[in-house]
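Colleague: I would like to learn how to read a structure like this one. Can we take it feature by feature?

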Amino acid sequence: RRVMLQLKGTSRVSGLAVAVANPSPPQGFSPGLKCPNDGFGVYSQDYGPQFAHCNETVWNPLGSGLSYEDFHFPIFLLEDANETQVIKQCYQDHNVPRDGSGPEYPLCAMQLFSHMHAVTSTVTCMRRSSLQSTFSINPEVVCDPLLDYNVWSTLQPINSSGKVAPEKEVIIVATRIDSHSFFWNIAPGAESAVSSFVTHLAAAEALHKAPDVQSLQRNVMFTFFQGETFDYIGSSRMVYDMERDKFPLRLDNIHSLVELNQVALRNDSVLWMHTDPVSRMNDSVEVQVKNLLDILRNSSTGANVTLQEAGFSQPLPPSSFQRFLRARHIPGVVLTDHKTAFQNRYYQSMYDTPENIRVQYPEGLSPEETLDYVTNTAKALAEVATVVARALYQLAGGANTTSAIQADPKTVSRMLYGFLIKMNNSWFQSIIKPDLKGILGDVPQHYVAVSSPVNTTYLVQYVLANLTGTVVNLTKDECLNPEKTPSSERELYDYAWVQGALDPNSTSRVPYCVRSTVHLSKALSPAFELRQWGSTEYSTWTESRWKEIRARIFLVASKELEIITLVVGIAILIFSLVATYFINAKADVLFSVPRDPGAVAY
C-alpha cells in the first residue's frame, strides 16, 4: 500500500503493469477493507453502536484498502507468463544501465490503453446516463449498476408467483456466490465464496434425500446471494422485495436463518457459531437462538466437526444475515472457520485460489480422474455440509434419526474442481442447457459484473437443480413448454432440458428433462430502482464502460535522434516544395509535346 500511494502521489507515473507473484505472498495480501461492507450492515449509531465500524473486532486485519483507492493511471495485470517474460527481456536488453553508465537508446517503452467513460462517482455517471437516455436518440451510457440474480429453491415446492401463507414458517439457509479482487474479472474466491456455497449445495442435496422431507412442519429455502461483496446487493434486494410483497415469502414467514460464511480453513475442526448480541436481548429471540445453537451442536455428534459459540458479546462478522436484521429481529447464526479475525489471508484477492484452501491433486491424473478425486478439503467440507443438513432437518420439525443424512464428498470434489479449477468439465457439460455451453470457460471467476446472469449464477442454478431436482419423463417440447402438460404444476416447479452425458457408444449426448424448485430473483440494488444514486442505505456500486483495453511495447529513440529525424524530415519537405515549385513553373518546357515531323503545313 505504501508503494502504491507513493506512485499515486507523483505525476511521473503514467501506468503500471503488475506481474503475478508465484507462489502467493506468504505474509498474505488483501486489497479489501479492514472492515468489509462497513456502513451497510446492521451495526450503526442506532443499533449496537459499540460494534459499528468494527470497533469490537477488525475482521480483515490484512486489508490494505487498495481496491477502494482512486488511481489516476491504468494498472494492468500480466497473467501470461510468456508475455511477461517478453516485457522483462525488453527492459533488460534496453533499459538496464551497464558499466555504471546510464541506459543507452533505444529504450523499451510500454503503452497502456484503458479509457474509461465514467467520471467522479456513481451519482455523476448515473445522472449523465439518465440525461442521455431521456433526451438523446442514440444515448451513450457511461456506467452501469452491478447486477445479477440470486438463486433460490425450497425443500417443499411453493408457488413462485404467489404468496406463502402467513402461518407457514420457512428456515432460510444463505450464502454468497460472488467474490472480488483488485483486478477486474479476476476473482477466484476459493475461501471467501466457493467453500461456503459448495458446502451449501452439498447440504441441500443431503437434505433432499431424506425420505420424509415433504411432510416436515417447516419449509427450508436455500438461498445463494449475488453481489454481497459490494455492500450486500443480493440480500438487500431480497429483503426489499419481501417488505414490499414482491417475493413469495414475507419477513413474517422466516422462522430462523442459518448462513454459511468462510468455512474451509478450520483449526482443529472447529466451526464457530456467530450470533447477534443486540437482537438476543429480546427474550423470545434469545430462546430461539439458544435452541438453534443446541440443535447445531447435537447435529455434530459423530462428525469430525466441533461447533463452538463465538461469545455473547461478539458481533456478527460481515454477512448477509445483517441485512435481514436491519429489517426485523430474526433468530439466526453465521457459521465460519474464524472466531474473530478472518483465517483467510487473501480475502478479496487474486491469491484466494484453490491452494489457499489446500485443494491438491496427485500428479499424472487425467481431467476425468481429477474431477472425481476426493481431496481432504472436499472431505472436510462434506462433514460441515452433513452437520448443516442434519440441523436443518431437526429445525424443520424432523423427528426421525439423522444418521442417514450424509453429504457426498465426491459431489463436493466435483464442485470444487468445477468452480475452482476448470468449469469446462464433463459434469458441468452434462447438467446445463445446450444453448448455455458457451458459459463454460476454462478459468473460473466469480465477479458479479453488469451483464447477467454471469457464469457462476447459471452454474449454481443448474448444479442445484441437478442435486435437488428430479428427472421426469417428458419430451423436449413438453419440457420446454410445461404449461401444455396439465400435470406439470408449472407454478410450483421449474423445468430444464439439459444436455446430458455423452453416449458411451457415440459422440452424441443423451438429453433429459429436470424438474426442480430452483428459481432466480433479481439482484439489483434498490437504490437504482428508487433512483437514489447517493444512497447510504443501499449499495450504489457501478462499473464504468470502456473502450478496448490493450497494451503494446516498442522502442523509443533518443532525443537527439528524434531531433535529427525531424530536421531531416523538414529539409526533405522544403526541398520537395521547392522542387515542386520549379517543376510547375517550367512545366511547359519540361513536359511540352514535340511536334510530329510528318505533319507539314502548306
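Modeller: Start with a caution: this is a predicted model. Now look at the end of a helix. Helix H5 is followed by Asp245, whose phi is positive, near 55°.

Colleague: How should I read a positive phi?

Modeller: Most residues other than glycine have a negative phi. Asp268 sits in the loop between strand S8 (254-260) and strand S9 (270-274).

Colleague: Is Asp268 buried or exposed?

Modeller: Asp268 counts as exposed, because its relative accessibility is 73%. Then look at Ser269. Its phi is positive too, about 65°, although Ser269 is not a glycine. Ser269 lies in the loop between S8 and S9.

Colleague: Back to H5. How many of its residues are buried?

Modeller: The cut-off for buried is under 20% relative accessible area. In helix H5 (residues 233-243), 10 of the 11 residues are buried, so the helix is mostly covered. Among them are Ile233, Arg237, Met238, Val239, Tyr240 and Asp241.

Colleague: What about peptide bonds? Where are the cis ones?

Modeller: The general idea first: most peptide bonds are trans. Here a cis bond joins Asn22 and Pro23, with omega about 5°. Pro23 is in the loop between S1 and S2. Another cis bond joins Tyr105 and Pro106, with omega about 0°. Pro106 is in the loop between helix H2 (81-94) and strand S3 (107-113).

Colleague: Now salt bridges. How many does the structure hold?

Modeller: The structure holds 20 salt bridges. For each one, ask which parts of the chain the pair links. Take Glu69 and Arg1, whose side chains meet at 3.0 Å, N to O. The pair links distant parts of the chain, 68 residues apart. Glu69 is in the loop between strand S1 (16-19) and strand S2 (75-78), and Arg1 is in the segment before helix H1 (2-8). Glu69 is partly exposed, at 25% relative accessible area. Arg1 also counts as partly exposed, at 42%.

Colleague: Which residue forms a salt bridge with Arg323?

Modeller: Glu537 does, with the closest N and O atoms 4.0 Å apart. The pair links distant parts of the chain, 214 residues apart. Arg323 is in helix H7 (residues 321-327). Glu537 is in the loop between helix H14 (526-529) and strand S16 (542-544).

Colleague: What does the salt bridge between Asp372 and Arg414 tie together?

Modeller: The closest N and O atoms of Asp372 and Arg414 are 2.7 Å apart. Asp372 lies in helix H8 (residues 367-372) and Arg414 in helix H10 (residues 409-421), so the pair ties together parts that are 42 residues apart in sequence. Asp372 counts as partly exposed, at 26% relative accessibility. Arg414 counts as partly exposed as well, at 22%. Salt bridges can also share partners: Arg280, Glu286, Lys290, Asp294, Arg297 and Glu309 are joined that way into one network.

Colleague: How do I read a buried residue, such as Phe76?

Modeller: List what it touches. Phe76 is in strand S2. Phe76 counts as buried, because its relative accessibility is 13%. Beyond its sequence neighbours, Phe76 touches residues including Leu16, Val18, Leu112, Phe113, Phe183 and Ile549. Phe76 and Val18 are 58 residues apart in sequence, yet 6.0 Å apart in space, C-alpha to C-alpha.

Colleague: Last one. Which residues make the nonpolar surface patch of about 620 Å²?

Modeller: Begin with the helix rule. An α-helix has 3.6 residues a turn, so residues three or four places apart point the same way. The patch is made by Leu566, Ile570, Ile574, Val578, Tyr581 and Phe582. Leu566 is in helix H15 (residues 559-585). Leu566 is exposed, with a relative accessible area of 54%.

Note on methods: Residues numbered from 1 in each chain as written. Predicted model: local features only at pLDDT ≥ 70, side-chain atom pairs only at ≥ 80, totals over all residues. Heavy atoms only, no water. Buried < 20%, exposed > 50% of the residue type's maximum accessible area, 1.4 Å probe, protein only. Helix = DSSP H or I, 4+ residues; strand = E, 2+ residues; numbered from the N terminus. Contact = heavy atoms within 4.5 Å. Patch = residues over 30% accessible without salt bridge, like charges linked within 9 Å, V, L, I, M, F, W, Y side chains within 5 Å. Areas by Shrake-Rupley, 256 points an atom, 1.4 Å probe, with all protein chains shown as cover.
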